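This report looks at how parts of a structure meet, within one chain and between two chains. The sequence and model come before the description.

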Amino acid sequence: MSELRELYQEVILDHNKNPRNFREMTPHSHHATGHNPLCGDKLELYLKIENGMIEDISFIGSGCAISTSSASLMTQFLKGKSIKDTRKYFECFHDLVTGKPLSDNDLEDLGKLAVFGGVQEFPARVKCAILSWHTLINALETTNETAKTE
Amino acid sequence: MFDIKKIRKDFPILSKEIYGKPLIYADNAASTQKPQPVIDSIVDLYSNNYANIHRGVHYLSRESTKLYESARETVQKFIQAASAREIVFVRGATEAINLVASSYLEPRLNAGDEILLSEMEHHSNIIPWQLLAERHQAKLSIIPLLENGDLDFSQVPRLLNSRVKMVAITQMSNSLGTINKLDTLVQRAHDLGIPVLVDGAQSIAHFPIDVQALDCDFFVFSGHKIYGPTGIGVLYAKQIFLESMRPYQGGGDMILDVSFEKTEFNEIPYKFEAGTPNISGAIALSSALNYVSALGLQNIDRYERELLAYATKQFEQIEGLRIIGKARNKGSIISFVLEGIHPHDVGTIMDMEGVAVRTGHHCTQPVMECYQVPATTRVSLAFYNTKAEIDSICSAILKVKELMG
């Protein structure tokens with residue numbers, strides 16, 4: 001059970017039950033859809049970006065506890081951050097959930113997102129944790145395509 | 001009647017432990033485990049009798065051919081086909097459906113024609129027809145699902161009309177467990193001269209099949225869902241259909257005489273088996289069918305219905321659990337959702353308890369759409385499962401609820 005407790009930490013369960021920034025956003029400057037066809041996870045991500053800063057970020061959709069809480073924590077984490085750093089955060093988060101070694105600095109940068117470290121023990125769930133991040137990258141590149149992690 | 005302890009010993013994998021817990025394998029609708037005789041038949045073929053079939057004059061080629069062709073006869077008897085010539089070995093149910101779409105229906109399909117399917121079809125009995133329909137400006141029409149998981153056969157008289165050129169329907173739903181009684185549909189279709197393909201991918205492992213009594217024109221199934229290996233499956237087609245169909249793929253073994261000007265094709269069923277086939281697969285499939293026959297499909301059916309009734313009763317006592325699909329006649333499949341908990345989380349936590357279940361849309365997205373759920377957790381039982389395992393599955397579900405709060 002210990003790996004499961006590690007995976008489903010209180011923070012994750014809390015954000016699953018009460019996702020933050022869970023709303024549509026109009027108007028927004030950026031938007032993308034994320035979809036995990038195998039699980040049926042689907043989310044819409046909205047951003048308001050001004051002068052290279054993420055002024056506001058929100059999402060709606062349905063998914064498992066890992067994908068919902070990951071999206072919720074990501075929006076909290078990114079609000080007020082500069083978009084030029086998002087790629088770096090994406091890569092750190094990716095390394096975290098796939099079990100690649102992270103420097104103490106990187107881990108510190110990720111802050112609360114470190115709770116997703118338990119995902120690395122569950123390779124089948126990496127795509128759940130990473131869905132919102134792929135969607136973010138798509139939204140920023142405004143490809144308007146559906147992000148997939150399959 | 002059913003010595004479950006002895007039966008379980010036949011399946012080596014069932015004694016495996018997962019994360020230190022005894023494996024409870026409840027993903028049988030996706031694929032079944034293999035009994036020792038099936039495993040042995042593959043080892044025996046390669047150790048003692050293997051060579052390519054239908055060509056060599058040498059001893060091993062004759063032995064191999066004999067085993068391969070006698071596998072065809074085993075299949076014929078298993079599904080009560082009139083002749084072994086009506087049995088085509090393919091890779092699986094998916095390839096069989098694609099074969100019928102391409103070799104039978106494509107040359108006969110015109111713009112405005114319709115192909116009648118049901119709302120509970122597996123994607124493999126939707127996409128081949130959809131691709132074909134797109135190429136010929138034909139369209140799919142659909143027998144809808146009812147709330148309880150039965151098909152609304154009352155719509156059939158309206159849907160079956162002279163534009164319909166093919167009916168393709170499952171005998172048992174892989175996501176709901178519903179068993180479809182198809183005789184009236186087959187008869188109505190035949191009254192209008194429309195052929196019927198029955199997808200037996202699920203039904204084949206659960207109750208006796210008699211393709212002549214069913215009077216379907218095509219019947220398809222996969223070996224791996226009836227305790228045989230992957231990569232082997234069967235297309236049954238009435239001889240009159242097979243003889244009228246164009247080849248599926250070109251290659252060796254499906255020809256009688258070849259020149260660059262013209263090729264004379266082999267007789268059925270060889271005309272549809274281009275290239276060296278899955279020889280060991282066919283032979284191991286026949287071992288699987290013999291194994292199942294020895295247990296007796298009537299006995300399997302009776303035992304699995306008992307398991308299903310018990311599991312349904314136990315599941316219904318779990319608060320917040322909703323069973324998706326409550327058809328009157330069901331095979332041993334229970335799809336369910338837990339209030340407020342996503343199936344994917346359910347699957348991960350059950351896995352840690354040693355319980356293998358499938359979560360997701362089960363390749364039946366239209367069914368999920370119909371029930372307005374993104375996915376379900378599916379417990380699919382086989383004759384080697386036990387009531388004690390169902391109790392453990394229930395405990396695992398309770399653990400999910402506890403952990404996810």
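## Two domains in chain B

The model is predicted. The centres of domain 1 of chain B and domain 2 of chain B, taken over C-alpha atoms, lie 28 Å apart. According to the domain assignment, domain 1 of chain B is made of two segments, 4-30 and 296-404, while domain 2 of chain B covers 39-294.

## Where the domains of chain B meet

Contact between the two domains involves 39 residues of domain 1 of chain B and 35 residues of domain 2 of chain B. Together, domain 1 of chain B and domain 2 of chain B bury about 2800 Å², and 56% of this area is on carbon and sulfur atoms.

Between domain 1 of chain B and domain 2 of chain B there is 1 salt bridge. Its partners are the side chains of Arg328(B) and Asp150(B), with a distance of 3.0 Å from N to O. Polar contacts between the two domains of chain B number 21 residue pairs, both residues being at pLDDT 80 or more. On the side of domain 1 of chain B that touches domain 2 of chain B, at least two residues each come from helix 11 (297-316), strand 14 (333-338) and helix 13 (365-371) of chain B. By class, the residues on that side of domain 1 of chain B are 20 nonpolar, 11 polar and 8 charged.

## Where chain A meets chain B

The interface between the chains brings 23 residues of chain A into contact with 17 residues of chain B. Chain A and chain B bury about 1600 Å² between them, with 59% of that area on carbon and sulfur atoms.

Across the interface of chain A and chain B there are 2 salt bridges. One salt bridge joins the side chains of Arg125(A) and Asp345(B), at 2.8 Å from N to O. There are also 7 residue pairs in polar contact between chain A and chain B, with both residues at pLDDT 80 or more.

## The chain A side of the interface

Which elements of chain A give two or more residues to the side that touches chain B? They are helix 1 (2-7), helix 2 (10-17), helix 3 (65-78) and helix 6 (126-140) of chain A. Helix 1 of chain A gives the most to this side, with 4 residues. Sorted by class, the side of chain A that touches chain B holds 14 nonpolar, 3 polar and 6 charged residues.

Conventions:
Residues numbered from 1 in each chain as written. Chains lettered and ligands numbered in written order. Predicted model: local features only at pLDDT ≥ 70, side-chain atom pairs only at ≥ 80, totals over all residues. Heavy atoms only, no water. Domains from an automatic or database assignment. Contact = heavy atoms within 4.5 Å. Buried area = accessible area lost by both parts, 1.4 Å probe. Salt bridge = Lys/Arg side-chain N within 4 Å of Asp/Glu carboxyl O. Polar contact = N/O pair within 3.5 Å; in protein donor to acceptor, adjacent residues only side chain to side chain. Nonpolar A, V, L, I, M, F, W, Y, C, P; charged D, E, K, R; others polar.
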